[in-house]
Each structure stands twice: as C-alpha cells, then as structure tokens.
Amino acid sequence: DQQRRVLNYIELWGVPVTTAQVMEDFKLRNNHASGLLKSLYELGLLQREPVVDSTGKRYVYRRVTP
C-alpha cells in the first residue's frame, strides 16, 4: 500500500521530506501526496514541522524515532 511505500521511502533516505518531493518521486497529485503524509502524521508515524519562507508555508515530515 502507498502509506507503507512512503514511510519506507522516508526511512530509507533518513532526511525530512516535503509534499513536493513525495509528489515528484511517486508521481502523485498534490492533494494525494499531502493526504498520505498527513495520515501518517496523524497515526503518529511521522513528525511534522512547519517551514515558512518566501514561497509560503509548508511542512517537512520525518520519521518518528523511538
């Protein structure tokens, strides 16, 4: 399933990811990639941090470490 694939992807790279990165690497639409990341965050599997810069506000996600 896609949630597992995205979670494995984040674990593999070990660096924070954005919705845009997941969109590009998994060939998904913005709302689908955003929904996958949000659902993993709500399940407690990802941490989410807001980033605000000249392009606006977005979130970066990283794997929750035990």
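Which residues does Pro50 touch, not counting residues up to four places away in sequence? Keep that in mind for the last stop.

**Before you start.** This is a predicted model: local features need pLDDT of at least 70, side-chain atom pairs count only at pLDDT 80 or more, and totals for chains, interfaces and linings use all residues. Residues are numbered from 1 along each chain as its sequence is written, and side-chain values use heavy atoms, with hydrogens and water left out.

**Whole chain.** Show the cartoon. The chain holds 3 helices and 3 strands. Helices (H or I, at least four residues) and strands (E, at least two) are DSSP runs, numbered from the N terminus. The order from the N terminus is α-β-α-α-β-β. The radius of gyration, taken over C-alpha atoms, is 11 Å; the globule rule also gives 11 Å for 66 residues, so the chain is as compact as a globular protein of that length. That rule is 2.2 Å times the number of residues to the power 0.38. Along the principal axes, the C-alpha atoms fill a box of roughly 30 × 30 × 20 Å.

**The core.** Select Val6, Ile10, Val17, Val22, Leu37 and Leu46. Of the 14 residues in the largest nonpolar core, these touch the most other members. A nonpolar core is a set of buried Ala, Val, Leu, Ile, Met, Phe, Trp, Tyr and Cys residues joined through side-chain atoms within 4.5 Å. Buried means under 20% relative accessible area, exposed over 50%, and partly exposed in between (1.4 Å probe, protein chains only). Now color helix H1 (2-13), helix H2 (19-26) and helix H3 (30-42): each supplies at least two residues of the core. Across the chain, buried residues make up 26% of the 66 residues.

**Leu37.** Go to helix H3 and pick Leu37. Leu37 is buried, with a relative accessible area of 0%. Leaving aside neighbours within four places in sequence, its contacts (heavy atoms within 4.5 Å) include Val6, Ile10, Leu46 and Tyr61.

**Ile10.** Select Ile10 next. Beyond four places in sequence, Ile10 is in contact with Val15, Val17, Leu37, Leu46, Arg62 and Arg63.

**Pro50.** Finish in strand E2 (residues 46-53), where Pro50 lies. Pro50 is exposed, with a relative accessible area of 52%. Here is the opening question's solution: with residues up to four places away set aside, Pro50 touches Lys57, Arg58 and Tyr59. Draw a distance to Val22: the two C-alpha atoms are separated by 16 Å.
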